[in-house]
2 protein chains.
Amino acid sequence: MEVFTDLVEQLRRRGERLTPQRRLVLEILQNSEQHLSAEAIARAIVLRYPNLQIDQATIYRTLKWLHQHDLVSETSLGGNHMVYSLLSAHHNHHHLVCDQCHTVIEVEPELLVPVAAALQERYGFQARLAHISLFGTCAACRLQDEGEV
Amino acid sequence: MEVFTDLVEQLRRRGERLTPQRRLVLEILQNSEQHLSAEAIARAIVLRYPNLQIDQATIYRTLKWLHQHDLVSETSLGGNHMVYSLLSAHHNHHHLVCDQCHTVIEVEPELLVPVAAALQERYGFQARLAHISLFGTCAACRLQDEGEV
DNA sequence: AATACAGCTGCAACTATTCGCACGAGGTCG
DNA sequence: CGACCTCGTGCGAATAGTTGCAGCTGTATT
């Protein structure tokens, strides 16, 4: 896979160590189109390599490491766990999460571009605006609320 | 305290039950200018009423309940715990959290108003935009990074 | 190919938060 | 003012994620 070697190269150039565990997590993320939880990643690993085992702490540490290197996003979608996904330029987006029905609407990344620009300009702050979640009430639930009142 | 009775009235009107525990949490939040963690609230309660005791699960449930009723904000500032504060119109703001030095910069709530408007218009989504945290790198850390490279 | 060492890994304990359940107490109605 | 019903509370166990530590392994160097 090109993407894979590409990421590996990127990390190696930064002087980062590439252990089998890290490659594994990277491989799983790369083969998934969706956001994955740490547990889902663990399950995917044993599914693909039933004789391997990798500690959950290592998975969490690897995800945090990938996040620090801006290779994966770490997002809350309102559940009690975080979800992770590779930061490929193509699939970036943000999330609108309905507090009531938990529906997730994906919105285009451009939404927050002006915000990023403003923060950069006014505070010199370089925001990491990828896969942000915003919580609130979706149109359907709002209508229903009004009906009930 | 006016604010207090005001909030209590607001909740009562919505048909919510006001237990001593809930009043207690509300009172603590109301007397603090800062964001408080669940644990800090628990400590504040025993400090003020040493003979009372209130279960931590209850504190969490109360905070969630207040959040659902849009009376408090629940925010992550990058640590491993959430912080809570009363949603009074005056003190609202958002947070820029530096991933490296963990400095928190407060920014005016107006920053996200256009975003809220866009979401409302395009998706009918009513976002809860109070005390949002955005993560990234602050000016100081970015300069330092460049120096090192 | 052997060395050295910083930086990983596994393990088990720990923190923050949530959940299930049985009991208790707010608020409403008569 | 007393009963009733619903909802909240305390308790203890469960879950997601983190941390300390001792041993192991990538990787640069030779």
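This report walks through the sheets, the cysteines and the DNA-facing surface of a predicted model.

## A three-stranded sheet in chain B

Let's start with chain B, where three strands make an open sheet in the order E1-E3-E2, with antiparallel pairing. Strands E1 (36–37) and E2 (72–76) of chain B stand at the edges with a single partner strand each, so one side of each has no neighbour in the sheet. The pairing of E1(B) with strand E3 (residues 82–86) of chain B is antiparallel and runs over two bridges.

The next sheet takes strands from both chains. It is open and has four strands, in the order E6(A)-E7(B)-E4(B)-E5(B), with mixed pairing. Its edge strands are E6 of chain A and strand E5 (104–107) of chain B, each of which pairs on one side only.

Here is a walk across the sheet, beginning at the chain A end. Strand E6 (residues 126–127) of chain A pairs with E7(B) in the antiparallel sense over two bridges, and A:Gln126 has B:Thr137 as its bridge partner in E7(B). Strand E7 (residues 133–137) of chain B is mostly covered, with four of its five residues buried. E7(B) runs parallel to strand E4 (residues 94–98) of chain B, and four bridges join the two; within this pairing, B:His95 is the bridge partner of B:Ser133. E4(B) is also joined by four bridges to E5(B), and here the two strands run antiparallel. In that pair, B:Val97 stands opposite B:Val104 in E5(B).

Helix H5 (residues 113–123) of chain A lies across E6 of chain A together with E4, E5 and E7 of chain B. The helix runs at about 110 degrees to E5(B).

Over in chain A, strand E4 (residues 94–98) has five of its five residues buried, so the strand is largely enclosed by the rest of the structure. In a regular strand the side chains alternate between the two faces of the sheet. In E4(A), A:His94, A:Leu96 and A:Cys98 point one way, while A:His95 and A:Val97 point the other way, and all are buried.

E4(A) pairs with strand E5 (residues 104–107) of chain A in the antiparallel sense over four bridges, and A:Val107 in E5(A) is the bridge partner of A:His94. The hairpin of these two strands has five residues between them, and there A:His102 takes a positive phi near 65 degrees. E4(A) also pairs with strand E7 (residues 133–137) of chain A, this time in the parallel sense over four bridges. A:Leu96 has A:Leu134 in E7(A) as its bridge partner.

## Cysteines without disulfides

How many disulfides does the structure hold over all chains? The count is zero. A:Cys98 is in no disulfide, and its nearest cysteine sulfur, that of A:Cys101, is 3.6 Å away; a disulfide would need the two sulfur atoms within 2.5 Å. A:Cys98 is buried, with a relative accessible area of 0%.

A:Cys141 is likewise in no disulfide, and the nearest cysteine sulfur is that of A:Cys101, 3.6 Å away. A:Cys141 is buried too, at a relative accessible area of 8%.

## The surface near DNA strand D

Finally, the DNA. DNA strand D is surrounded by 20 residues, and the closest are A:Tyr60, A:Met82, B:Arg17, B:Thr19 and B:Thr58.

Which contacts are worth a look? A phosphate oxygen of DNA strand D is 2.9 Å from a polar backbone atom of A:Leu18, and a phosphate oxygen is 2.7 Å from an N or O atom in the side chain of A:Tyr60. On the base side, a base oxygen is 2.2 Å from an N or O atom in the side chain of B:Arg17. The elements that give two or more residues to this surface are helix H4 (56–68) of chain A, together with H2 and helix H4 (56–68) of chain B. H4(A) gives the most, with five residues.

Technical notes. Residues numbered from 1 in each chain as written. Chains lettered and ligands numbered in written order. Predicted model: local features only at pLDDT ≥ 70, side-chain atom pairs only at ≥ 80, totals over all residues. Heavy atoms only, no water. Pairing = 2+ DSSP bridges. Buried < 20%, exposed > 50% of the residue type's maximum accessible area, 1.4 Å probe, protein only. Contact = heavy atoms within 4.5 Å. Axes fitted to C-alpha atoms, helices over the stretch in contact; angles between N-to-C directions. Near = heavy atom within 4 Å. Polar contact = N/O pair within 3.5 Å; in protein donor to acceptor, adjacent residues only side chain to side chain.
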